[in-house]
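Hi everyone, thanks for coming. I'd like to walk you through one structure today, so please have a look at it with me.

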Amino acid sequence: MRRIRAVWLKRDSGQYWPSIYHTVSSPCSCMSYHHDSRRIFIGQDNGAVVVSEFLISEDFNKMNHVKTYPAHQNRVSDMVFSLESEWVVSTGHDKSVSWMCTQSGSMLGRHYFNAWASCLQYDHETQHAFVGDYSGQITLLKLEKQTYSTITTLKGHEGSVGALWWDPVQRLLFSGASDHSVIMWDIGGRKGRTLLLQGHHERVQALRYLQLTRQLVSCSADGGIAVWNMDTQREEAPQWLDSDSCQKCEQPFFWNIKQMWDTKTLGLRQHHCRKCGKAVCGKCSSKRSTFPVMGFEFPVRVCDACFDTIKEEDRTPLATFHEGKHNIAHMDMDPSRGLMVTCGSDRIVKIWDMTQVVGCSLATGFSPR
């Protein structure tokens, strides 16, 4: 049996101690808490979704189990509860997303993917579900009772999608992946606009967007915390162009056998300028530069011509970076209280003072061992 601690109380000493717990038969893989109805949804490694409904008493000592849903055949990766529809939507490593009625406990529908479903966001008003998977794709589904329809598939990451965040006000979707990048998808604009944000050295595992300040907070596996200023004009990174020869000096790339033979020259390795997207050789792209307006907070390869156009003010950072000092697997925020919570694979929970969002500081921490 595994002990699932649900409520931690802050004592007079400033330390947090467990107050309520519930035991389940297999390890807990994810959890969702609905504050207004005081219901906890726990996903497990064996595929079951345990729903515990409870009323918190004055001394925080009561939690009543309600029912168990046989939602998946493998590890549950993420879940969302919708009070409006009385649905619990979940994704799992059985390559599926399922939605169930919490009133009857019955399965309403299921959709399968070609890869493990890793993360989930849900729009309560439109009943749209965004599902990220291990192939790097994000699928947008319209869920109905007993049926569903696939709206579109978003492709932009080169690694598995590890985190999603949906802002229903601006209708923006943010995704983070194992390719160390974050992408903003302008769903509401309907123009296919995407913004690439690169500032992490490891896979991105948690995202939160602060609507009031227009800031995006992203956390990665190496403990990196990035705070992105989204209240500024940003440019889309260009698509990489295809070419058989350098688009600057016209020297052939190594697969261009005909031009190599005709010119009696050795083929060169192909690179791409991150600013203009042109295919260039190493000699024509020897410079590196940051370019935050396109999301490049670290120095990236640019062609010599583009490097000369980048002014010093163009290199002004549009993000700040902080060190979490533990592998951040999950993160949540309470903007009203200015607090952020991070959980790591080191089994440590840290509570951060985010009142000054850019000036991130650690408030306290505890180890739920």
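Let's begin with the record. The unreviewed UniProt entry carries the annotation "repeat: WD" for residues 154-187, 197-238 and 321-354. UniProt positions are given here in the numbering used for this model, feature names are shortened, and such annotations may be inferred rather than shown by experiment. What we are looking at is a predicted model, where local features need pLDDT of at least 70, side-chain atom pairs count only at pLDDT 80 or more, and totals for chains, interfaces and linings use all residues. Residues are numbered from 1 along each chain as its sequence is written, and side-chain values use heavy atoms, with hydrogens and water left out.

Now, what do the annotated stretches look like? Residues 154-187 are 0% helix and 62% strand, with the end C-alpha atoms 10 Å apart. For residues 321-354 the model gives 0% helix and 62% strand, and there the end C-alpha atoms are 13 Å apart. When I say helix or strand, I mean DSSP runs numbered from the N terminus: helices are H or I with at least four residues, strands are E with at least two.

Let's zoom in on strand 16, residues 172-177.

Two strands count as paired if DSSP finds at least two bridges between them. One of these bridges has A163 partnered with G176 in strand 16. The two strands make a hairpin with 4 residues between them, and R171 in the turn has a positive phi of about 55°. Strand 17, residues 181-186, is also antiparallel to strand 16, with 5 bridges; L172 has D186 as its bridge partner there. That hairpin has 3 residues between its strands, and H180 in the turn has a positive phi of about 75°.

Why do I point out positive phi? Most residues other than glycine have a negative phi. Another case is Q146, with phi near 70°. Q146 sits in the loop between strand 13 and strand 14 (147-155), and it is exposed at 59% relative accessible area.

K264 belongs in this group too, with a positive phi of about 55°. You'll find K264 in the loop between helix 1 (257-263) and strand 22 (271-272), exposed at 65%. K264 also lies over the face of W261, at 5.3 Å from the ring centre. The rule for that is NZ of Lys or CZ of Arg within 6 Å of the ring centre and within 35 degrees of the ring normal. R315 lies over the face of F307, also at 5.3 Å from the ring centre.

Staying with rings: the structure holds 9 aromatic pairs. Rings of Phe, Tyr and Trp (its six-membered ring) pair if their centres lie within 6.5 Å; planes under 30 degrees apart are stacked, over 60 edge-to-face, and the rest tilted. W116 and Y134 have ring centres 5.2 Å apart and planes at 80°, so this pair is edge-to-face. The two residues are 18 apart in the chain, W116 in the loop between strand 10 (107-112) and strand 11 (117-123), and Y134 in the loop between strand 12 (128-133) and strand 13 (137-144). W116 is partly exposed at 36%, and Y134 is partly exposed at 40%. Elsewhere, ring pairs link W228, F298 and F321 into a cluster.

Last stop, the cysteines. How many disulfides are there? The count is 0, where a disulfide is a pair of cysteine sulfur atoms within 2.5 Å. C273 is in no disulfide, and its nearest cysteine sulfur, that of C276, is 3.6 Å away. C273 is buried, at 0%. The sulfur of C281 is 3.6 Å from the closest cysteine sulfur, in C284, too far for a bond, and C281 is buried at 1%.

Terms used
Buried means under 20% relative accessible area, exposed over 50%, partly exposed in between (1.4 Å probe, protein chains only).
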